[in-house]
Amino acid sequence: MTTQRLDAQKLRADFAVFEELTNGRPVAYLDSASSTQKPRQVLDAMREFYEHSYANVHRGVYTLAERATAGYEGAREKVRAYINAPSNREVIFTRGATEALNLIAYSWGLENLGPGDVVVITELEHHANFVPWQFIAKKTGAQFAHIPIDDYGELQLDALDEIATRGNVKVVANNLVSNTLGTINPVEKLAVWAHEQGAIMVVDAAQAAPHRHIDVQALGCDFLAFSSHKVCGPSGVGALWGRRELLEEMQPFNLGGEMIRSVALDRTSWNELPYKFEAGTPAIAEAYGFGVALDYVSEIGLDAIEAHEHELVVTAMDRLGEIPGLRIFGPPAERRTGIVSFELEGVHPHDVAQILNWEGVAVRAGHHCTQPLMTRLGVAATTRASFYLYTIEEDIDRLIDGLLKVKETFA
Ligand SMILES: Cc1ncc(COP(=O)(O)O)c(C=O)c1O
């Protein structure tokens with residue numbers, strides 16, 4: 001199979017941010033795992049939408065409202081196609097992955113969990129897929145169990161047998177890709193195990209959907225969440241996919257306009273899917289822009305994006321590995337996406353990031369919303385470089401040069 005390739009240098013022309021020069025150079029933006037830059041195609045489409053197709057959705061019978069609704073619902077269909085969901089009734093627009101995961105934990109968890117049940121997460125979870133489950137487990141009296149990781153940051157699936165003895169496993173919630181280590185997790189296997197236990201499988205795809213093909217049917221999961229802003233789209237919107245039969249049974253998460261069928265003084269009934277879960281005026285133009293962003297990355301090709309990031313991560317890990325006193329966390333390049341977390345002996349990650357910023361290199365330092373993982377790794381924070389379709393090798397050269405300067409400064 002020949003993999004389609006992308007030309008990152010050429011794609012950078014779509015991103016105005018790379019035209020802005022400091023000391024003759026654009027930013028070496030190595031923080032795409034946090035949020036991605038936005039191409040003109042998305043920004044222009046949103047401006048056009050706001051100028052010529054904007055009104056509130058679903059309620060109006062006039063032309064503008066019909067256009068706005070068509071744009072909004074068209075974006076839902078794009079999300080559906082992007083993750084190969086069976087129906088767009090199963091696609092709910094949320095504010096992002098965090099809200100999507102809270103929606104499941106509250107709406108499904110509060111109704112279905114109780115004493116004797118077990119909620120299983122992993123030591124690698126982002127707080128967005130950790131804290132809601134911990135909270136709902138406490139509230140309902142369910143146990144909160146975690147799958148531990150090995151020293152490479154990979155899940156130790158042999159712990160599953162023991163976890164199954166603790167009670168009725170009802171939820172398994174796991175990220176497809178770790179935002180801190182880039183680890184690609186065996187979600188399909190976990191989904192099979194979850195279903196053998198009679199549990200639901202919840203997939204946090206915030207770090208996977210921008211970088212790899214997602215097929216909810218092939219994954220065999222029950223829910224999947226991701227955010228627009230990590231896929232070149234606007235912030236403030238994201239998507240939750242859920243199996244129809246589960247969504248039908250669940251109570252709404254937010255209450256108000258749009259999500260009702262009828263309201264009387266003594267009772268209210270709920271709208272049909274997906275509107276039952278979309279209370280209030282949604283992020284209309286943002287959802288539209290999300291759809292355009294999915295078109296943008298799909299046109300470049302997810303295989304090409306994955307291959308490009310793989311080349312970058314191999315180069316980055318090789319070169320970082322040559323710096324004395326630098327320790328890389330996580331699995332080998334073959335089993336991770338374009339994310340590298342590391343520590344430089346004797347220098348706090350915030351100082352590393354600060355000095356790199358002076359060189360025009362943008363990286364993230366901190367716990368990356370994965371404090372339990374930091375505890376497991378025995379560090380308070382790491383420095384993280386993350387790549388996307390517009391990252392070029394020169395960005396990595398600049399990261400390495402910058403790190404050598406950090407070492408000099410702290411020598
Ligand atoms: C793995 C993972 N899950 C969930 C989230 C939360 O996404 P958002 O902040 O867009 O809701 C993030 C964001 O960094 C993430 O990396």
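In this predicted model, four strands line up as an open sheet in the order 11-12-15-14, with antiparallel pairing. Strand 11 (326-329) and strand 14 (364-366) form the edges, each pairing on one side only. From one strand to the next, the twist averages 30 degrees. The antiparallel partners strand 11 and strand 12 are joined by 4 bridges, and a handy place to look is Arg-327, which stands opposite Glu-343 in strand 12.

Two helices pack on this sheet. Helix 11 touches strand 11, strand 12 and strand 15, and its direction makes about 10 degrees with that of strand 12. Helix 12 (residues 349-358) touches strand 12, strand 14 and strand 15; the direction of helix 12 makes about 160 degrees with that of strand 14.

Zooming out, the domain assignment divides the chain into domain 1 (8-30 + 301-410) and domain 2 (45-298). Their C-alpha centres lie 28 Å apart, and the contact takes 22 residues from each of domain 1 and domain 2. On the domain 1 side, at least two residues each come from helix 11 (302-321), strand 12 (339-344), helix 13 (371-377) and strand 15 (382-386). Helix 11 gives the most, with 4 residues. By class, this side of domain 1 comprises 9 nonpolar, 7 polar and 6 charged residues.

Key
Residues are numbered from 1 along each chain as its sequence is written. This is a predicted model: local features need pLDDT of at least 70, side-chain atom pairs count only at pLDDT 80 or more; totals for chains, interfaces and linings use all residues. Domain bounds come from an automatic or database domain assignment. Two residues are in contact if their C-beta atoms, placed from the backbone, lie within 7 Å. Ala, Val, Leu, Ile, Met, Phe, Trp, Tyr, Cys and Pro count as nonpolar, Asp, Glu, Lys and Arg as charged, and the others, Gly among them, as polar. Two strands pair if DSSP finds at least two bridges between them. Axes are lines fitted to C-alpha atoms, for helices over the stretch in contact, and angles run from 0 to 180 degrees between N-to-C directions.
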